[in-house]
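Hi everyone, thanks for making the time. Could we have the sequence and the structure up on the screen, please?

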Amino acid sequence: MFAGTVVFALINSSILILLAIGFNLTFGISGVANFAYGALYIMSAYLSWTMLNLLHLPFWASAALSIVFTTISGAMMYRFVLLRVRGQALSEVIATFGIGLSILELFRYLGLVGFEYTLPVFWNESFMIAGAYVDIQRIIIVLIALVLVLGLWLFTHFTSTGLAFRGIAQDERTALTFGIDSDRIATLSVSFGAGLAAIAATIIIPLGSIAPDEGYDVLIKALAVCIIGGLGSTGGVIVAGVIIGFAERFTDSYIGSHWTMIVSLAAILLVLAIKPSGLFGQQKELEERI
Amino acid sequence: MKKRRERIDRGIKARSEDVYALSSWREMLYLAGPRLLPAAAFLLLPLFLGAYWQKVMISVAVFALLAISWDMLAQTGMISLGQALFFGMGAYVSGILNFYFGMPPWIAIPIATVLGGALCTLILTPVLRLRGIYFSMVTLIIPLMLVRIIEATKIFGGTEGLSGMTPLPSTLTEIYLVTGVLLGVLFGLRRLMETDYGLVLKGIRDNDRSVTNAGIDIFWFKTQALFISSTIGAFAGALMTHVYMFVGMPVFALDYSILPMAAAVVGGSGTLAGAALGAVILVPLSEALRGIGGLRIVMYGLFLVVFTVAVPEGLFDYIQRRYHQMERWVEIDQ
């Protein structure tokens with residue numbers, strides 16, 4: 001049982017990292033806490049479901065289209081809404097929260113809930129690792145999480161856009177003097193964050209089904225991982241993802257499934273109360289607490 | 001010939017703001033009118049309403065209280081995404097006192113108000129030092145966490161909740177209790193925020209570091225503001241427990257967090273009266289739109305976005321400006 005739990009804990013950690021990485025990218029660069037993140041995740045899943053089942057597109061096409069569309073809607077959200085309240089963190093929170101709420105409650109109103117609302121798995125087979133049956137989809141999740149984290153690291157360290165991202169994150173005004181358009185970069189960061197949410201949805205949703213409530217859970221999970229790891233720190237996301245992933249699986253196996261959410265929530269509160277900048281967040285400590 | 005709009009204070013405003021306010025009935029009415037009108041409306045309306053709209057009025061007052069409590073916190077620089085915490089805490093404490101200890105409502109409600117407020121303050125004290133969105137995140141998470149804990153541990157009736165609370169004697173008692181408290185809180189807090197004490201609280205919102213530099217312990221002031229705010233929320237919850245004769249997990253639902261925030265944002269945050277105005281507009285509106293069901297929350301969400309982005313000062317500010325100032329077209333000097 002122990003070895004199996006470890007395997008599933010690793011998979012769970014990858015899921016959490018996938019969920020959090022987009023939120024973290026947006027916050028780390030533009031400082032926008034995108035509370036519509038969970039809603040974008042669910043929206044992309046429904047989009048892909050609609051294209052797959054109502055327009056009868058092949059799965060790869062509908063997935064790609066929904067990722068593109070979600071990315072664009074993230075950019076539009078920044079251009080038309082967030083740009084006007086830029087810099088006022090609290091208005092940004094209220095506005096993004098309002099957007100997320102509207103999207104999720106709209107889907108709830110439309111009543112698109114049930115087991116038929118799910119996306120197909122990529123490869124429907126499973127095999128034994130360490131005494132536990134693991135399906136290929138879960139292995140793919142782990143691989144894609146690894147690829148995305150690595151790709152993001154390469155992107156932010158070796159491309160000019162990626163370097164501009166980090167420049168804005170470190171000091172917006174200095175970056176402006178170097179000719180980096182902070183509005184353009186912020187738009188990109190919000191839309192990339194949305195795109196990453198869509199990618200995560202495409203590969204994680206096949207394990208369960210699409211439900212509006214999932215949107216709130218995704219937001220909470222992303223927040224949990226980012227807060228514990230330190231908002232805006234990619235290394236922190238990985239470490240925190242692993243910590244929460246293991247903690248959740250082990251409470252599930254040894255205590256009870258009701259307690260898994262409580263563990264992560266309690267972890268957030270603990271970290272926020274003791275070290276609000278998280279395990280790895282060093283910059284901007286004075287802006288977080290006084 | 002180009003023109004621009006000029007905005008000037010009404011003469012009567014300039015006169016009546018001073019000691020001369022007492023010089024004529026007209027000026028006294030100018031000052032007292034906007035205050036007496038809502039008070040009179042709240043006190044007289046219940047007598048003419050039917051049973052259904054009386055219940056709506058209780059809802060209005062309860063959400064107005066929650067919105068005021070949200071605004072009070074926001075004025076101290078703490079944006080709460082979880083007013084449901086205050087509401088639910090008051091509701092559960094009152095429910096438990098009544099259910100397990102058999103306390104009558106007029107003992108359970110006051111105790112729940114103070115105890116619920118104190119509990120919320122105690123829960124949030126460790127994170128009071130957090131600023132901006134960090135505080136918002138915690139307040140969003142805590143009510144969700146409490147729901148899960150109740151679900152997991154099955155305490156206080158678990159998912160079923162507790163039912164069969166003692167109701168208050170009559171609907172009119174409920175209405176006058178809640179509107180009385182609402183008016184008291186509204187005018188009391190508005191006055192409080194005008195004093196030096198309120199100035200310190202607003203200072204914490206605007207620039208907490210300068211307030212610290214002035215030798216003021218902002219942590220202690222934030223705790224006090226939190227206690228005031230959560231007590232108001234807890235009262236609303238405690239009262240609703242006895243109105244519905246039930247308390248359960250729905251008291252921590254998103255509705256109780258979103259609607260107060262939407263009300264305060266629509267009415268105009270930072271004025272307290274705006275928060276109440278927002279509740280007076282939104283709650284009956286949502287009753288009238290009961291047919292569209294879940295779309296109501298979508299609507300609140302859109303209200304939140306539109307008002308924060310396009311009309312950040314809110315309706316109350318606009319009305320106040322129209323009341324105190326007049327506009328006229330003047331020629332632009334070339």
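Let's begin with A:I11: is this residue buried or exposed? The cut-off for buried is 20 or more other C-beta atoms within 10 Å, and A:I11 has 21 C-beta neighbours inside that distance, so A:I11 counts as buried. Please keep in mind that this is a predicted model.

Where does A:I11 sit? You'll find A:I11 in helix 1 of chain A, which covers residues 2–30. Leaving aside residues up to four places away in sequence, A:I11 touches A:R138, A:I141 and A:V142.

Now on to helix 4 of chain A, residues 89–110. Just after helix 4, have a look at A:G111, which takes a positive phi of about 70 degrees.

Last stop, the two chains together. Here 37 residues of chain B are in contact with 36 residues of chain A. On the chain B side, helix 6 (132–153), helix 9 (208–213), helix 11 (255–267) and helix 13 (295–309) each supply at least two residues. Which of the helices gives the largest share? That is helix 6 of chain B, with 13 residues. By class, this side of chain B has 24 nonpolar, 7 polar and 6 charged residues.

Notes. Residues numbered from 1 in each chain as written. Chains lettered and ligands numbered in written order. Predicted model: local features only at pLDDT ≥ 70, side-chain atom pairs only at ≥ 80, totals over all residues. Contact = placed C-beta atoms within 7 Å. Helix = DSSP H or I, 4+ residues; strand = E, 2+ residues; numbered from the N terminus. Nonpolar A, V, L, I, M, F, W, Y, C, P; charged D, E, K, R; others polar. Buried ≥ 20, exposed ≤ 12 C-beta atoms within 10 Å, placed from the backbone.
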